[in-house]
Amino acid sequence: MIVRGGTFGPVATNTYVVADREGGSALIVDPAAGSSGWVAAAIDEMQVTPVAVLNTHGHWDHVVENHIWDAQGIPVWVGRGDEEWLAAPAPFNPALFGNPPPTPGVTPAAILEDGDTITCGDLVFHMIAAPGHSPGCQVAYNADAGQALVGDLIFAMGIGRTDFPRSSHDDMVRSLARVFDEVPGDTVIYPGHDRWGVTLAQAEPYARMFM
Ligand SMILES: [Zn+2]
C-alpha cells in the first residue's frame, strides 16, 4: 500500500492519496481545502486511477473538495451518520474556519456501515465505526498492510475534539477502547491532522490521557 500525504486548509487537514501500486488504483482520502492540485499531481505521478473519494468523517475541512472529484464521476463514500454533512458542507465553527464561500454538496455513492469491507485494486480495508468526534467517523483498517486511516479519532499525540455539535465524549472513549482492542499496536496510522506514520501503540498513551 502506497500512501502519499499532504496538509491543507485553515486547520491543517491531512489529505491522502492511497494506492495499491504504481499504475494501479487509488483512493482520495479527505480532500481538504486547496488540496485538489496536489491530489491531481500525485495521481498523475503514480499513474493511478482514482476509484473513490473516502471521507473519514463528514466535517467540512475533510469534505470541502468532494465536489471537484464528484464532478469527474468519482464516487464519494462516507460512514453512516455523517452523510447529511456531505449534502450541505458548512463549517460550524467560524472561530476555526472563518466564513468561507458556500461549498457545493455531493450525494454519497455509498454510506458505509460498521463491518463493511471496501476495496481499492488489491487493497482491502475493514471499516470500523468509531463515533465520538462525529457520529459517522470510521477507521479504515488494512490488515494485510498493517496500516489504518484513522481520521480524527486519534492523532500522533492526541485525539479529535468532542466539543462540536453532534460530538460525544462517551462515544469517543468507547471507540478508542474498541480500536485499541481490535487493531494491532504495530499498525501504522494516518490521522486527519498532524503527523502520520507513527504506530497505534506509539499514539495510545497520549490518547489514554483523554479517556
Ligand atoms: Zn473533524
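Is Phe-8 buried or exposed? I looked this up first, and at 15% relative accessibility Phe-8 counts as buried (buried is under 20% relative accessible area, exposed over 50% and partly exposed in between, with a 1.4 Å probe and protein chains only).

A note on the source: the model is predicted, so I keep in mind that local features need pLDDT of at least 70 and side-chain atom pairs count only at pLDDT 80 or more, while totals for chains, interfaces and linings use all residues. Residues are numbered from 1 along each chain as its sequence is written, and side-chain values use heavy atoms, with hydrogens and water left out.

**Aromatic pairs.** I searched the whole structure and found 3 aromatic pairs (rings of Phe, Tyr and Trp, the last by its six-membered ring, pair if their centres lie within 6.5 Å; planes under 30 degrees apart are stacked, over 60 edge-to-face, and the rest tilted). Phe-8 and Trp-38 make a tilted pair, with 5.5 Å from centre to centre and 50° between the planes. This pair links distant parts of the chain, since Phe-8 is in strand E1 (residues 2-8) and Trp-38 in helix H1 (residues 36-46), 30 residues apart (helices, H or I of at least four residues, and strands, E of at least two, are DSSP runs numbered from the N terminus). Trp-38 is partly exposed, at a relative accessible area of 25%.

I then turned to Tyr-16 and Tyr-190, which pair edge-to-face at 5.7 Å centre to centre with 85° between the planes. Tyr-16 lies in strand E2 (residues 13-19) and Tyr-190 in strand E13 (residues 188-191), so the pair ties together parts that are 174 residues apart in sequence. Tyr-16 counts as buried at 2% relative accessibility, and Tyr-190 counts as buried at 9%. Ring pairs join Tyr-16, Tyr-190 and Trp-196 into a cluster.

**Asn-55.** I found Asn-55 in strand E4 (residues 49-55), where Asn-55 is buried with a relative accessible area of 2%. The side chain of Asn-55 reaches the backbone oxygen of His-62 at 3.4 Å.

I read 4 bridges between strand E7 (residues 117-120) and strand E8 (residues 123-129), which run antiparallel (two strands pair if DSSP finds at least two bridges between them). Ile-118 stands opposite Phe-125 in E8. E7 and E8 form a hairpin with 2 residues between them, and Gly-121 in the turn has a positive phi of about 60°. E8 also pairs with strand E9 (residues 138-142) in the antiparallel sense over 4 bridges, and His-126 stands opposite Tyr-141 in E9.

Definitions and conventions: Polar contact = N/O pair within 3.5 Å; in protein donor to acceptor, adjacent residues only side chain to side chain.
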